[in-house]
Every structure is written in structure tokens, then in C-alpha cells.
Number of protein chains: 2
Amino acid sequence: MARREPAIRTTKAEVAQAALALFCERGYHAVTIDEIAARAGVTKGAVYYYFSDKEDLAKDLWHELWDRLTSEASAALDPEASTAENLKGAFRSVLDAMSGLGEARFFLRDAWVLPSVEVAGRADQQAAAALLGDLLGDARSRGELANIDTEAAARVLLGAYAEAVLHILTTGKADPTLEVVDRVIDGLFDQVAPGSRFAGTRG
Amino acid sequence: MARREPAIRTTKAEVAQAALALFCERGYHAVTIDEIAARAGVTKGAVYYYFSDKEDLAKDLWHELWDRLTSEASAALDPEASTAENLKGAFRSVLDAMSGLGEARFFLRDAWVLPSVEVAGRADQQAAAALLGDLLGDARSRGELANIDTEAAARVLLGAYAEAVLHILTTGKADPTLEVVDRVIDGLFDQVAPGSRFAGTRG
């Protein structure tokens, strides 16, 4: 509410939040810098003081969301639980951290339409895949997971997660979709059958 | 080779193929209409006769690839095999039908950067999800699949498939990634445990 707070960080964050709200309401492409300035209660010059253009703003929002989602997911990890249970919990916390379909669409679809965001997003996505890959690698070394390629598994899981988030926020069908995600996770973990733990052999 | 073939369809297809080759080699954004015309051996005017702009060309290529992939996937279906085996086979035939990383990147990533392609692509993707959802629905009604939400499962599988294709074509690690995809599919199908077939109950 301290709209005229002189601290630079506060104003910058307010401009970003105003932009995000507008992007979610009406789609990135329809929104102008003038509207963002009006919503944030600052001049157009103030917006350009913090951000070189609308794309720069989108890139900032994207990066901030990734930070938020990865820290929510990390906070959900329970050292007492199995990795499979942790992955299910982390997915639920990421889902809760998305404020709604507008935000998810902006981040998982629309933001990719912007070349510079796509480049930044790819780096963030690679970081998320590396994090998830490490988690799966630890699980494998503890014998919780069969000898599968954890990097490939991380990528495939992220692809499944992204579509699941969009599906839930589009249809509102959270429980049935969470059940599918749980089965996908179980599919990766289930088959540490006798003899296959160290071999990971396939036909 | 019949480069000057007067038939309109042939020339249009040649222009499209020249554009695809260039997009794959150097990325969509770097390629100009002049270069496409030169590669196809036609005038710039000829390119504009068939396509209103570069984006229109990309949209056409995108749609054609979807057609090719869905017909390859359908052709791979074996009425004697289980749905899980068919899904594994269909994924392999889609993978084979992608000529390489350039094409996959263009279709699964770069093409989404173009707003009008994204709209057309979304429709094609929805059609693919509906097709896959029907397949899963049939499997469920035959008792091969537990009582899960087949629409959600189709979405999640497509997200997993897309990332798997990109991962395979980026890293060259086909077998380990195919193993992960197989496990994801098995995860959906595996748990038709006694008693759960008709209930689909979860804790």
C-alpha cells in the first residue's frame, strides 16, 4: 500500500506486480506500458527507469516465478519421506504457488512467445531439471530408484508437470490430474524389483 | 528434382521444404524470405504467391508435421497388442518420423515463439490429446487401465513425450530416455490391481 515509498526496490516490485496482474487479466500482447504505469500509479518514465521494455519486464517476472517455485518445492521436501513422496509433495506445492490460470498461462505458455524470455527461461528450466536430476540421482544411489537415466527422467517429469499444471488450471480437475502425476512418479520408482536394482537391464 | 515443375502444389511444397531446411539449419528468426526463394530456386514473388509471410509458411509446416506424426503414430498401432505396448510403439514411430534435432526444435520449441503458429499448434495439440484420450478411454473400458481421468493422462503423456523427444535429439541418448518413457506409460497402466479396476480409489 505504500505506493509512493521512495525505496527503489519497492517501486520496481510494484511495477512488476502491476504488469503481472495486467498480463494475467488480458494477455501479455494486449497490455501497454502506459497501462502498466497507470496500474502501478507511476509515470511511464518510471517504468522505463526500471525496465528497458515490456519484454524485459516479462523476463524479470519469469525469473522471479522460477525462484518462487523452486524455493516452494525445496521447502516441501521432507527428509523423512521417500523421494517419490517428496516429488508428489513438491508438485503439489508448486501447483499451490501458482496463483491461477492467468499466471500459469503467462509463465508456461505465453512467456515462451518472447525470444529473450525463452532464452532466460530455458536457462531456468535447465537449472530446475538439474535440481530434479540431482534429487533422482540421490534416490538412485540409495536404491530407491532403479538404474535409470536420471537426467532423462527429470526432463520427462518436468514436461509432465508443466502439462499437468496447465490442465488443472484450465479444467479445475485437480484430484484426477494429481492421480495421474502420482502414477507417473510411481512408474519411475515402482520397478526396483528384485535383481533389477543394480542392473537396470532391459530387453 | 523437377524444380521447375509447373504444378502449383509441387512448387508450394518445394518452397515449404526449402524453408524448413533453412529453419532447421539456422533457426527460424535468422532466415529471410530472399534466402528461402534462393534455396527453392524461385522468385521472392513466388514465395509470396503461396504464403503471406514467413509466419504463414511456418504455420503450414507445423500443420503438415502434425499430420505426418499422427498418421505415423496411427500406423504403428497393432490391434493385437496391448494399449501400453501400442503407446510405446507409437512414441518410437513419432521419434523416427522426426528427421532430426533441427526439425524437433523448430516444431516443439521455436515454432511456439510465433503467435499465430502457437494458436494453430494449440488446435493441433488439442486434436492429438483428444486422439490419445480416446485410445486411453478405450483401454479403460476394456479394463486395461484403472479408472483414471484419461483426458488428464493424455495431456500429461504428451508433455512427457515432447520433452523426451527434445532430450533424445539433444543428447543422442535414445535408449535410456525410451526406458523412462516406457516406465511412465507402465505407471499409468500398471496399477490395475485386484479391486482397483472399477473403483479407481486412492487414499
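**View 1. Where domain 1 of chain A meets domain 2 of chain A.** In this predicted model, 10 residues of domain 1 of chain A are in contact with 10 residues of domain 2 of chain A; two residues are in contact if their C-beta atoms, placed from the backbone, lie within 7 Å. Helix H1 (residues 8-26) of chain A gives the largest share of the domain 1 side, six residues. That side has eight nonpolar, one polar and one charged residues. Here Ala, Val, Leu, Ile, Met, Phe, Trp, Tyr, Cys and Pro count as nonpolar, Asp, Glu, Lys and Arg as charged, and the others, Gly among them, as polar. Domain 1 covers 1-51 and domain 2 covers 54-190, with bounds from an automatic or database domain assignment.

**View 2. The fold of chain A.** Chain A has nine helices and zero strands; helices (H or I, at least four residues) and strands (E, at least two) are DSSP runs, numbered from the N terminus. Of the 203 residues in chain A, 39% are buried, meaning that 20 or more other C-beta atoms lie within 10 Å of the residue's own, again with C-beta atoms placed from the backbone. Among contacts in chain A between residues at least 6 apart in sequence, 63% join residues at least 24 apart.

**View 3. The side of chain B that touches chain A.** Here 32 residues of chain B are in contact with 31 residues of chain A. Helix H7 (115-141), helix H8 (150-171) and helix H9 (174-190) of chain B each supply at least two residues of this side. By class, the side divides into 16 nonpolar, six polar and 10 charged residues.

**View 4. A closer look at H8(B).** How many of the 22 residues of H8(B) are buried? The count is 19, so this helix is largely enclosed by the rest of the structure. Its end C-alpha atoms are 31 Å apart, which agrees with the 32 Å that 22 residues should span; the expected span is 1.5 Å times one less than the number of residues. After H8(B) comes B:Gly172, whose phi is positive, near 80°.

**View 5. The largest nonpolar core.** This core has 112 residues, and is a set of buried Ala, Val, Leu, Ile, Met, Phe, Trp, Tyr and Cys residues joined through C-beta atoms within 7 Å. Those with the most contacts inside the core are A:Ala19, A:Val156, B:Ala19, B:Val156 and B:Val165. H8(B) gives the most to this core, with 13 residues.

**Reading the labels.** Residues are numbered from 1 along each chain as its sequence is written, while chains are lettered from A and ligands numbered from 1 in the order in which they are written. Because the model is predicted, local features need pLDDT of at least 70 and side-chain atom pairs count only at pLDDT 80 or more, whereas totals for chains, interfaces and linings use all residues.

Conventions. Buried ≥ 20, exposed ≤ 12 C-beta atoms within 10 Å, placed from the backbone.
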